[in-house]
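Subject: Structure handover

Hello,

Here is the structure you asked for, with notes on a sheet and on the charged pairs. Please look it over before reading on.

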Amino acid sequence: MRVAPEAWPFVLPFPLLALFFLLKGRPRKAIGALVAGIGILLFFRDPRRQFEGEEEIVLAPADGRVTAIDTVEVPALGDTPCRRIVTFLSVFDVHVQRVPASGVVVTSRHRPGRKIAAFFEHADRVNESHLTILERADGDRVGIRQIAGLLARRIVCRLVPGQTVRRGESLGLIKFGSRVDLLVPGEYEVLVSRGDRVRNGETPVARPGDSGP
């Protein structure tokens, strides 16, 4: 199983703790420590994904369930409203994110904030977050907002302004948390519905079109 490298500082203490308990003659506690370590490791699993569809298709940046699809204004994406597809990550979902569309990174900006439960609608406005904006070859801009949740410890984004990225490449992760918003131009057609489960780098979620908000 492939895992994100950020896993090891969290996972390695558990085998050491298991060894300590084993040397102390406490095998049950040793097994418990190993099980806990495996559970933490699963948060950082990074399964290989592949999509062979049209290049114009925008893919899901995160695993999870679509909890909202609406229209919002994000000045960094332009003067017109954009479509927002909100994905909530449960504790059982992959917490690694992938690039949803090929392009050039024009914005990669971290914002400090609170850590309220990410299922609250206003979490994107008050919680710690990281906004990444990609400019596609046709000039369209696509945004990814990683949002910390109640248990999140840190947001990791590996992309920097000026970097050219390909759809499906690694974007980053949220350590133990919990919501990712995909932002696309208002005229894009949204291909998922509220309640759908999506998988990063694999599920088509939007494409250029004239669907209206």
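Are Arg49 and Asp63 buried or exposed? Both Arg49 and Asp63 are buried. Please keep in mind that this is a predicted model.

Salt bridges

Arg49 and Asp63 form a salt bridge, with 3.0 Å between the closest N and O atoms. This pair links distant parts of the chain, 14 residues apart: Arg49 lies in the loop between α3 (27–43) and β1 (58–59), and Asp63 in the loop between β1 and β2 (64–72).

A search of the whole structure gives twelve salt bridges. Another of these is between Asp93 and Arg197, where the closest N and O atoms are 2.3 Å apart. It too connects distant parts of the chain: Asp93 is in the loop between β3 (82–88) and β4, while Arg197 belongs to strand β13 (residues 197–198), 104 residues apart. Asp93 has a relative accessible area of 5%, and the cut-off for buried is under 20%, so Asp93 is classed as buried. Arg197, at 46% relative accessibility, counts as partly exposed, because that value falls between the limits of 20% and 50%.

Glu202 forms a salt bridge with Arg199, and the closest N and O atoms of that pair are 2.6 Å apart. Glu202 is partly exposed at 29% relative accessibility, and Arg199 is partly exposed at 39%.

There is also a network of salt bridges, which links Asp70, Arg84, Arg179 and Asp181.

What joins β4 to β10? Three bridges do, and the two strands run antiparallel, with β10 covering residues 170–175. As for individual residues, Val96 has Leu173 in β10 as its bridge partner.

If you want a place to start, open the model at Asp93 and its salt bridge with Arg197, then go on to Val96 and its partner Leu173.

Regards

Key
Residues numbered from 1 in each chain as written. Predicted model: local features only at pLDDT ≥ 70, side-chain atom pairs only at ≥ 80, totals over all residues. Heavy atoms only, no water. Pairing = 2+ DSSP bridges. Helix = DSSP H or I, 4+ residues; strand = E, 2+ residues; numbered from the N terminus. Salt bridge = Lys/Arg side-chain N within 4 Å of Asp/Glu carboxyl O. Buried < 20%, exposed > 50% of the residue type's maximum accessible area, 1.4 Å probe, protein only.
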